[in-house]
Each structure stands twice: as structure tokens, then as C-alpha cells.
Amino acid sequence: MNTAVNETGAAAGAGQERKAPGRPRNAQADEAILDAVLEMLSTGQSVAAISIEAVAAKAGVGKATIYRRWPNKEALIIDAVAAMKGTLPVPAGESVRDDLIMLVKANRSGKARRYGKATVCLLPEFLKDEQLHHMYQAVIEPRRDVMRGVLRRGIENGELRPDLDVELSLLMIQGPGMMQHMLNWNPGIPEEGFAEALIDAFLRGASA
């Protein structure tokens, strides 16, 4: 992982420490605030156009409630993205194929599906703002690490080729999933069975 991402990860960890003291968190208020951000992004509002005041009004909370939880708008938006992606999936560890299918499906369900448009609207923001880009990378890097672990385990136990390029494999698996999920890039590919078809196509070249 590059230095910028490490620094961002450290900042995120510090943010978690920042949130711990003080009055207890209200889970319902947190969810309402994060959902408000995602809904605003889903309608095409840019990061610059979103204000703490507007988020507070949409979530039905006061500005002070937001500022007690997040130091600035950028931190709030990144937390909203993290909430959209949900908790890290845990592979069963029995079959590389089954684990990879589970990981692809995990990125296409729950809030990730509901707020897919939010990610599309954020992509140009990540290209324009280096800090936001590094923060986003820090959010998704743990998910890459889960898939890296599955691929490396497959290499070690002989399910996958010993010369497999793990980083390129990540791109080959995650890229098509993201394009179909966010943009429906090829409408000719059915949603049902997509994860299985994608992983089976990958394994035809990656299996030992």
C-alpha cells in the first residue's frame, strides 16, 4: 500500500478514536445522516454542492449533531461510502471459487446496490480531489486485501497457478463487476448468475 493510503488509514484510525469519547452515539442518527449524504450523491450533487446544513436538514438533525461525529464534510462523505459498502465479508476458506463468488456478490447487494448511483457520481470527484481519492482508496483497500488472501491461499494450496499475478487478478475480477453494477455496461449480460459466470471465466485461465 502506498504512503498516502497509509497516512489516510492512520487518519481514519484517529477518526475512530475521535468518535469514541463524549456522549454515546445514536445509531439511528448516524444512519439517517449517512443515508442523507448517499441520497444527495445519488441525485448527482457534487461534493462541493453538498453542505453540512443541507445534510442536517435532510437527515432531520442539527448541524451540531453532525459536527460532534465528523470534523468536516470530506470525512462524512467517506464514512457514507464505507457504510454503503457494509462490513467486510469473511470467506469460508474451503473453495477459492466459492469465496470469489461470495466476494463479487457482496459488492452487489444491500446498500451498495441501493446507492450504486452515488459511487458513479463520486468517481469524477475522486479524480479531481487527490485527498478524497486517497481516502476512498483507504476504504476499499481492506476489501482488496480479503480477495488477495483468497487468491494467495489458492496459489499456496494448488488451486490456482503458481505464476498468477494477484494484483492483475484483482482488477480482472473487480473491474467488470463494478462496471456492470454501476453502469449496466453490457445489458446483454444477465444479472442472474453474473458472479458465477465471471469467476468461472477468470478461473479458466487462473486455475492450476
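**Exercise 1. Determine how much space lies in the largest cavity and which residues line the largest cavity.**

Step 1. The largest cavity holds about 70 Å³ of space. A cavity here is a set of points on a 1 Å grid over the protein atoms alone where a 1.4 Å probe fits but cannot get out, and lining residues have an atom within 4 Å of a point. Grid points are joined across faces, edges and corners, and the volume is the space filled by probe spheres set on the points.

Step 2. The model is predicted: local features need pLDDT of at least 70, side-chain atom pairs count only at pLDDT 80 or more, and totals for chains, interfaces and linings use all residues. Residues are numbered from 1 along each chain as its sequence is written, and side-chain values use heavy atoms, with hydrogens and water left out.

Step 3. The structure has 1 cavity of 30 Å³ or more.

Step 4. Pro89, Leu103, Ala106, Asn107, Arg143, Val146, Met147 and Gln174 line the largest cavity. Helices α6 (96-106) and α9 (130-157) each give at least two residues to this lining, and α9 has the largest share, 3 residues. Helices are DSSP runs (H or I, at least four residues) numbered from the N terminus.

Step 5. The lining divides into 5 nonpolar, 2 polar and 1 charged residues. Ala, Val, Leu, Ile, Met, Phe, Trp, Tyr, Cys and Pro count as nonpolar, Asp, Glu, Lys and Arg as charged, and the others, Gly among them, as polar.

**Exercise 2. Classify the packing of α2 against α5 by angle.**

Step 1. The axes of α2 (residues 27-42) and α5 (residues 73-85) cross at roughly 95° and come within 9 Å. Axes are lines fitted to C-alpha atoms, for helices over the stretch in contact, and angles run from 0 to 180 degrees between N-to-C directions.

Step 2. Helix α2 is therefore roughly perpendicular to α5 (65 to 115 degrees; over 145 is roughly antiparallel).

Step 3. On the α2 side, Ile33, Leu34, Val37, Leu38 and Leu41 meet Leu76, Ile77, Asp79, Ala80, Val81, Ala83 and Met84 of α5, where contact means heavy atoms within 4.5 Å. By class, this contact has 11 nonpolar, no polar and 1 charged residues.

**Exercise 3. State how α10 and α11 are oriented to each other.**

Step 1. Helix α10 (residues 166-183) packs on α11 (residues 194-206) at about 155°, with axes 11 Å apart.

Step 2. The two helices, α10 and α11, are therefore roughly antiparallel.

Step 3. Ser169, Met172, Ile173, Pro176, Gly177 and Gln180 of α10 make the contact with Phe194, Leu198, Ile199 and Phe202 of α11. The contact of α10 with α11 comprises 7 nonpolar, 3 polar and no charged residues.

Terms used:
Angles under 35 degrees count as roughly parallel, over 145 as roughly antiparallel, 65 to 115 as roughly perpendicular and the rest as oblique. On a 1 Å grid over the protein atoms alone, a cavity is a set of points where a 1.4 Å probe fits but cannot get out, and a pocket is an open set with protein on both sides within 12 Å along at least five of seven lines; lining residues have an atom within 4 Å of a point.
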